[in-house]
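Please look over the sequence and the model shown here before reading the notes on helix packing that follow.

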Amino acid sequence: MSTALPLHLSDGELVAAVARLAGSERAATVALIAHLAELYGRRLHERAGFSSLFTYCMEVLRLSEQEAYDRMKAAKLARRFPAILELLTSRRINLTTVRLLAPHLTRDNCAVLLAETSGKRKRQVQELLARRFPQPVPAASIRKVPARSGAPVVGSSAGAPAAVGVDPTHEGSPPTVTPAASAPPRPPQTRPVVEPLAPDQYRFAFTAGGEARELFDLARDLLRHAVPSGDPGEIFTRALKRLVEDLVKEKYAVTSRPGRSGGQAEDSRNIPAEVKRAVFVRDRGRCAYLAPDRRRYGERAFVEFHHVRPHAAGGRPTSSNISLRCRAHNDYEAEVFYGPAKRDAGTEVMREAAGRYERGTDDTFLFRPETEMVVSGPRDTAARTG
Ligand SMILES: [Zn+2]
């Protein structure tokens with residue numbers, strides 16, 4: 001196989017080659033994992049002088065720490081649950097999912113868990129596991145980072161490669177972060193962690209400087225009456241709320257135009273800044289469109305302010321009638337409203353369409369797809385609802 005840049009390929013050949021190579025890389029990785037599983041079973045890594053498959057992969061195979069850790073975990077798990085190899089081959093799960101599942105898989109739950117995590121992204125898998133296996137919420141702590149010593153700042157129950165001291169005989173147990181004498185010194189782990197522990201419970205871990213520490217202490221002192229426990233989570237939440245308020249205020253500042261005092265007329269199409277701020281915070285800066293199956297995908301990019309009852313149908317720019325939409329959904333809904341109205345020149349149609357919004361829970365609005373029935377002519381809205 002050539003290692004030179006494939007300059008000679010046409011665009012089509014290049015795209016095809018990339019797909020083919022990704023496929024063979026995947027196949028090679030799964031084959032490596034299957035063989036490592038067998039090597040581990042025969043204890044050949046021990047015969048070669050290594051106490052763990054992890055160090056064998058690093059020292060003999062020259063894999064990176066992360067590669068070694070993921071393959072070691074998958075190999076051990078595949079010995080107990082061979083179905084994993086098939087799922088890895090078909091890309092239904094990836095090595096990250098395997099690593100996250102490792103501490104939880106049992107003979108009883110493996111079929112269900114593997115099916116449920118198929119095709120899921122890392123965060124979805126984490127949320128799912130937090131729901132099924134809620135972890136005790138640890139006490140909040142603030143620690144001084146040891147200066148360039150071996151111990152990572154953050155205990156990594158998520159199984160990141162802080163697993164230098166992993167004991168291979170303890171299959172399935174989360175890595176213990178004990179810098180063994182033989183382990184190379186590691187830089188402090190500064191990668192921030194937001195890890196779901198249980199429904200509505202997250203563990204945050206990050207490193208910040210001395211100024212943050214001083215400000216935190218100051219805030220805790222000032223909040224002594226409101227937050228007697230001094231709970232960092234509560235203080236953090238309050239601080240973020242203030243920050244978001246400030247940022248939203250900057251983003252949707254009241255533009256004072258000379259000669260236009262007294263604010264806008266109530267029926268104006270213009271949305272007052274305070275309404276924008278309230279709506280943006282309420283909808284959490286995300287598209288609040290509810291799909292017919294009541295799922296909310298919550299696109300964050302390019303959100304716009306949307307009149308739930310359209311301006312032309314008498315909708316007012318109040319926070320109860322304004323909601324955030326991504327550009328695609330704003331367009332989609334506007335088209336459903338204005339399309340038939342324009343075509344039929346009938347306000348009845350529009351009014352009927354407006355009545356098909358339902359206020360859902362959580363102050364969101366459910367758009368009833370039946371509205372599409374009033375739309376005449378072929379339409380391609382389905383492709384634009386993503
Ligand atoms: Zn949307």
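Which residues of helix 1 meet helix 4, and which residues of helix 4 do they meet? Leu32, Ile33, Ala34, Leu36, Ala37, Tyr40 and Gly41 in helix 1 meet Arg71, Ala74, Ala75, Lys76, Ala78 and Arg79 in helix 4, where two residues are in contact if their C-beta atoms, placed from the backbone, lie within 7 Å. By class, this contact of helix 1 with helix 4 divides into nine nonpolar, one polar and three charged residues; Ala, Val, Leu, Ile, Met, Phe, Trp, Tyr, Cys and Pro count as nonpolar, Asp, Glu, Lys and Arg as charged, and the others, Gly among them, as polar.

This is a predicted model, in which local features need pLDDT of at least 70 and side-chain atom pairs count only at pLDDT 80 or more, while totals for chains, interfaces and linings use all residues. Residues are numbered from 1 along each chain as its sequence is written.

The chain has 13 helices and seven strands, which are DSSP runs numbered from the N terminus (helices are H or I with at least four residues, strands are E with at least two). Of its 386 residues, 23% count as buried, that is, with 20 or more other C-beta atoms within 10 Å of their own C-beta, placed from the backbone.

Helix 1 covers residues 11-41 and reaches 45 Å from its first C-alpha to its last, close to the 45 Å expected (1.5 Å times one less than its number of residues). Its buried residues are Val30, Ile33, Leu36, Ala37 and Tyr40, and what covers them includes helix 2, helix 3, helix 4 and helix 5. Helix 1 is followed by arginine 43, whose phi is positive, near 55°.

The two helix pairs are set out below, with axes as lines fitted to C-alpha atoms over the stretch in contact and angles from 0 to 180 degrees between N-to-C directions.

| Helix pair | Angle | Axes |
|---|---|---|
| Helix 1 and helix 4 | about 70° | 8 Å apart |
| Helix 10 and helix 11 | roughly 135° | within 10 Å |

Helix 1 and helix 4 are therefore roughly perpendicular to each other, whereas helix 10 and helix 11 are oblique; angles of 65 to 115 degrees count as roughly perpendicular, under 35 as roughly parallel, over 145 as roughly antiparallel and the rest as oblique.

In the second pair, Val244, Val248 and Lys249 in helix 10 meet Arg277, Phe280 and Val281 in helix 11, and this contact has four nonpolar, no polar and two charged residues.

Terms used
Buried ≥ 20, exposed ≤ 12 C-beta atoms within 10 Å, placed from the backbone.
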